[in-house]
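Here are my notes on this one, jotted down while going through the model. Have the structure open as you read.

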Amino acid sequence: MKPIHAPIYEALKNHAGSRPRSFHVPGHQNGQVWEELGAAANTSTGNIIEAFRQTYDAIMGIDVTELSSTDDLHHPEAAIQEAQILAAQSFHAEKTFFLIGGSTSGNLAMLLAVCDPGDLVIVQRNVHKSVINGLKLAGASAVFVSPQRDAGSGLAVIPSLSGIEEALQRHPQAKAVFLSNPNYYGMGELLNRYAETAHQYGVPLLVDEAHGAHYGQHREFPRSAMQAGADAAVQSTHKTLPALTMGAMLHIQGNRINLDRLKQALAIVQSSSPSFPIMASLDISRAMMASLQEELFQPALAHARSFRAWLKAARMFLQEAAFTDVTVNSKHDGSEKIKLTSPQRDPLRIVLHDSTGTLTGKQLQQLLEEKGCWAEMSDNVYVVLLIGIGTGDEHMERLRDSITFIHQAIVSEMDDSALNMKRSAKEEVESRHAVWAATELEEPVSFGGGWYRNQPSVRLPLRDAIGRRVAEMVVPYPPGIPLLYAGERLTIAMADEIERLASGRANFQGAVDSGMGTIAVYEEKPGG
C-alpha cells in the first residue's frame, strides 16, 4: 500500500486548521454560521440548527473560495494543478481536468473545443442529451450512426466499426467522432480499432465514458478509452469511485485536441465559483485508488461474483441474462474489422430481469425499493444494480433476501399454465425492447441556427410527413434511443419503424401523439 497523498484535501485541511477568520464568500463563513445562529435561537429552533450543524459542519469547514492557500480551478498553479497531474498519471492520460458539473460539462467542453459553427461531427445516435446540447451550443451538425443491437438482450450497444468508417468516408469534412461507451447496462466495446480508424481519417475520437470511471484500474475491468487510444474521454468519477455527486474528470492525450480552446470551453461551461468539496473528493478518490490499487475493488468484485453464483445456484426466475449473455452481434456488421474488436462488460453491474415476464423491470425495481434495496435504474425489462466499493455484506444479504421474498410471493400465486403464459408475455416484451432500425441518414442533422428553428410547425398524419423535417424528438422507450431529432427529415424507413413500434404498443418519449398516428413537422420555406 502506497502512502495516501491528496493535495487539494490537504490544502483545505491546512487552511481550516489555521482557524481562519473568513471575510469572504461563501456566506456560511467556514461553518461559523451555525454557532452564531444557535446562540440567537430559542430551544426548539436551536435543536434544528444543531441538527443542521452536525450534518454540514465538517463539509463547510473545507467549503471555501479561491484563496492564496487553496488555488483556482480555472488557472491552477498549486494544489489543484498537482492533483490534476496525479490524476492524469492514474487514469492513463497526458492531461486531466477536474469537472464540478458532472460529465455533462465535459461533453459540452469537448464539442466546443473541436467545433466551430457549421462544423460536422460523426456521433453515435444513442448518446446522452448533453451531447446534443453541446452540438447546439457549438452550432454544429451531426451525422448519426445507429448503434448495434445485442442479440441476447436486445439492448443498444456501440455502432459497428464499419458504420463509423462509412460515415467518415461519406463526410470527409467531419471534425471528430463522438462515441458513448459503455452503455448504462455496463456493455461496451474495446475502442482500439475505433481510435485507429478515426485517426486514419485525421480526426480525434471523443468518448463519453461516464459509467467507466473505474475502467482500467483492475485486471478484471475493461480497458479505458484512454488506454484504447481515444483523444479525449470524460468519466463520472462520482458514479463508481468515492467522489461527491457532480464530480467528474476530463482526460486528454495526443495533439488532436486544442488545449487552449478546451480550457476556454471549460471556463464557459463550468462555474467561476467551483465547489472545493467536490474537487477534494475527486482528489481523494484518485489518492485512494493510487494507494490501494487493485485492493480497493476486491470486495466489490467478490460481492458481484458471489451474487451471480447465488443466482445461478438458486435457479430463480430472476436472472442476470443481460450480463452473462451479452456479446456484440457481429451479424450487424459485414466487415472484417469487427472481428478485431472486442465486447467488454462491467463486472460491477448486475442486470436482472424476470424471465417469466410476471414483472416488468419497473415493477421489480419498485418491489426491491419496498424491501429497502434501491437500484441504479430500470426499464420495461431490466433492473440495473451497481455493486460499488462501499457495498457491504449487509447490502448483499438484504438483496438476496429481497429477491427470495419477491420470488416466493409470485410463484405461490402461479400454476404451471400461468407460468408458461407469463414466459410468452415476457418474450413479447423483450422483443419490443430489442427493436432498433439501423436506418441510414440521408443528410446531416443541423443543431445550429437553421431557418426552421424559428418556423411554426404543423401536425400531419405520419405517412403524409415523409420527406419533411420533424419538429419533435421521437424516442421509443424502451430502449430509449431516438429515432428522430428535431430538424431531421422523416424517411420511409423511419416511418415504417415507427408504425411497427406503435403497433407493438411501444411508448414514445418526446412525441405529443403517443400513438404516433401524427407527427409535428416544420412548415417548409417556398421551394425548400
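1. Of the 528 residues in the protein chain, 52% are buried (under 20% relative accessible area; exposed is over 50%, partly exposed in between; 1.4 Å probe, protein chains only). Bear in mind that this is a predicted model, where local features need pLDDT of at least 70, side-chain atom pairs count only at pLDDT 80 or more, and totals for chains, interfaces and linings use all residues. Numbering runs from 1 along each chain as its sequence is written, and side-chain values use heavy atoms, with hydrogens and water left out.

2. The largest nonpolar core holds 47 residues (buried Ala, Val, Leu, Ile, Met, Phe, Trp, Tyr and Cys joined through side-chain atoms within 4.5 Å). Ile 8, Phe 98, Phe 307, Leu 352, Leu 368 and Leu 399 touch the most other members. Among the elements giving two or more residues are helix H1 (7-17), strand S13 (349-354) and helix H12 (276-292), and H12 gives the most, six. Helices (H or I, at least four residues) and strands (E, at least two) are DSSP runs, numbered from the N terminus.

3. A second, separate core has 34 residues, including Cys 115, Val 131, Ile 252 and Phe 447.

4. The Asn 181 to Pro 182 peptide bond is cis, omega near 5°, and Pro 182 sits in the loop between strand S6 (177-180) and strand S7 (187-189).

5. Asp 71, in the loop between helix H3 (43-60) and H4, has a positive phi near 125°. Asp 71 counts as buried, at 9% relative accessibility. Gln 293 also has positive phi, near 55°, but is partly exposed at 40%.
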